[in-house]
Amino acid sequence: MAEVTADGRTAARLSEAAQSELLDMCEEQFAQLEKLQNEIILCEPDFCENPQEQSVKRLMATEAERNQWLTVEPQLLAENSEILLEAGKEQMHKLCSELEMVASCYEAKRDKLKETKELELKWLEEKKQVLAAATGHVERLQIEKEKLSAHTVLQDVKEKIQKMMAYQEELMNCLGYILDKHVPLPQDDSGSSKKKKNVAHEIHEKLISLNDILEILMNKALNTPHDPYVAIDDTFWPPYVEMLLRYGIAVRHQENNFKIRLETFF
């Protein structure tokens, strides 16, 4: 009980009558405790008995005492209002001290949560800025994508076609240069007679180069793929035709030997 403290401050606040009554109550409680202690020592069972039986008896005695205490109504330790008032004050001071400790702990926890909240808000603001920047970038890309019209696509296609045509022309020029250099048209024989020269000259004027033959075959295959055959006439020099057929560049018609077409290379 908190009526008497180590430094005697509580007792000093009580009157002499209350202090005397409090001391009498303490002596009475101390005597009762001493009596109960002696009874417990006298009733202590012999250690030579069975330990299990001893435990059972102790448990039964404890339960009986508990049941008895449950039937007893609680009573005030003292009827003096002065003593009860001082005891209540002491308990209130103790409770206030404990509540102050709890409040201090919760204030520290609140400050920590406040700091965490500020950090989380800062992080959230940064993420919002990043999201806004990303959204703006996506919107700009969407607008640029919508601005791409059919005209722009058509221009791109035209540029690609022009590049392909230029590349094709370059390839054709290279092919013509190689054919003119390595596969030229037949030349007149300087040792032949004048009559033969005239006949040969007339024949040579009608002949076309191998480059022209290949161009005719390619144009025919591209323009009329359903009928890619070209009729062989006097302008086709037979050695050129034979060379194309022998090396698999051209093939004859199955029913007409005077027609050839370009071999399919795809």
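**Exercise 1.** Which residue in β3 does Val 251 stand opposite?

*Solution.* A quick word on the model first: it's predicted, local features need pLDDT of at least 70, side-chain atom pairs count only at pLDDT 80 or more, and totals for chains, interfaces and linings use all residues. Residues are numbered from 1 along each chain as its sequence is written, and side-chain values use heavy atoms, with hydrogens and water left out.

Start with the elements: strands are DSSP E runs of at least two residues, helices H or I runs of at least four, numbered from the N terminus. Next, β2 and β3 (residues 259–262) pair in the antiparallel sense over three bridges; pairing takes at least two DSSP bridges. Within β3, the residue opposite Val 251 is Arg 261.

**Exercise 2.** Classify the ring pair of Trp 237 and Tyr 240.

*Solution.* Rings of Phe, Tyr and Trp (its six-membered ring) pair if their centres lie within 6.5 Å; planes under 30 degrees apart are stacked, over 60 edge-to-face, the rest tilted. One aromatic pair turns up by this rule. Its centres, in Trp 237 and Tyr 240, are 4.9 Å apart and the planes stand at 90°, so call it edge-to-face.
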